[in-house]
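The following explanation leads the reader through a protein chain, from its overall make-up to individual residues. Please keep the sequence and the model in view while reading.

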Amino acid sequence: MKCTKCGLDVPEDAIYCPHCTGDRKTRDIELYRGGAKGGALGLGIGLLLVTIMLSMYDMERGIAAIALVLPIGTFTTGLIIGLVKAKREWK
Ligand SMILES: [Zn+2]
């Protein structure tokens with residue numbers, strides 16, 4: 001028998017799926033992994049944008065500040081999106 005929620009094998013006589021219930025540690029790891037993945041992706045996009053920006057503008061005071069803040073912003077956004085996405089995949 002396969003669980004309709006997670007698709008993993010469940011013992012035939014099981015009342016509930018052992019993969020979907022109880023094992024909270026695994027699901028937390030999945031959540032962190034999703035967040036880390038999203039954060040890394042966001043950071044990558046941020047650094048890419050900064051690289052493009054610096055190739056177009058001189059490293060002035062305002063640009064330097066944006067170059068510093070932008071990757072942090074995209075990292076945070078990616079992290080949140082990754083966490084939300086990982087959480088949604090639990091269902
Ligand atoms: Zn399941």
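The paragraphs below take up the chain as a whole, then its helices, the loop, the surface and a charged pair.

This is a predicted model, in which local features need pLDDT of at least 70 and side-chain atom pairs count only at pLDDT 80 or more, while totals for chains, interfaces and linings use all residues. Residues are numbered from 1 along each chain as its sequence is written, and side-chain values use heavy atoms, with hydrogens and water left out.

The secondary structure consists of two helices and zero strands; helices (H or I, at least four residues) and strands (E, at least two) are DSSP runs, numbered from the N terminus. Of the 91 residues in the chain, 23% are buried. Here buried means under 20% relative accessible area, exposed means over 50%, and partly exposed lies in between, with a 1.4 Å probe and protein chains only. The chain exposes about 7100 Å², of which carbon and sulfur atoms supply 66%; accessible areas come from the Shrake-Rupley method with a 1.4 Å probe, and for residues only the protein chains shown count as cover. A contact means heavy atoms within 4.5 Å. Among contacts between residues at least 6 apart in sequence, 52% join residues at least 24 apart.

Helix 1 comprises residues 24–56, and helix 2 comprises residues 61–88. The 28 residues of helix 2 should span 40 Å at 1.5 Å a residue, and the end C-alpha atoms of helix 2 are 41 Å apart, which agrees. The expected span is 1.5 Å times one less than the number of residues in the helix. Which residues of helix 2 are buried? They are Ile 63, Ala 67, Pro 71, Thr 74, Gly 78, Gly 82 and Ala 86. An α-helix has 3.6 residues a turn, so residues three or four places apart point the same way.

Gly 38, in helix 1, is buried at a relative accessible area of 12%. Leaving aside neighbours within four places in sequence, Gly 38 is in contact with Gly 78, Leu 79 and Gly 82. The C-alpha atoms of Gly 38 and Ala 86 are 9.5 Å apart in space, although the two residues are 48 residues apart in sequence.

Gly 42 also lies in helix 1 and is buried, with 5% relative accessibility. With neighbours within four places left aside, Gly 42 is in contact with Thr 74, Phe 75 and Gly 78. Gly 42 and Ile 81, 39 residues apart in sequence, are separated by 9.2 Å from C-alpha to C-alpha.

What does Thr 74 touch, not counting residues up to four places away in sequence? Thr 74 touches Gly 42, Leu 43 and Gly 46. Thr 74 belongs to helix 2 and counts as buried at 18% relative accessibility. A polar atom of the Thr 74 side chain lies 2.9 Å from the backbone oxygen of Gly 42. The C-alpha atoms of Thr 74 and Leu 47, which are 27 residues apart along the chain, are 8.9 Å apart.

Met 59 is found in the loop between helix 1 and helix 2. Met 59 is exposed, with a relative accessible area of 57%. Beyond neighbours within four places in sequence, Met 59 is in contact with Leu 54 and Ala 64.

Leu 41, a residue of helix 1, counts as exposed at 59% relative accessibility.

Side chains of opposite charge can pair when their charged atoms come close. A salt bridge is a side-chain nitrogen of Lys or Arg within 4 Å of a carboxyl oxygen of Asp or Glu, and by this rule the count is one. The side chains of Asp 9 and Lys 2 form a salt bridge, at 3.9 Å from N to O. Asp 9 is exposed at a relative accessible area of 54%, and Lys 2 is exposed at 56%.

Definitions and conventions. A polar contact is a pair of N or O atoms within 3.5 Å; within protein, one must be able to donate a hydrogen and the other to accept it, and residues adjacent in sequence count only if both atoms are side-chain atoms.
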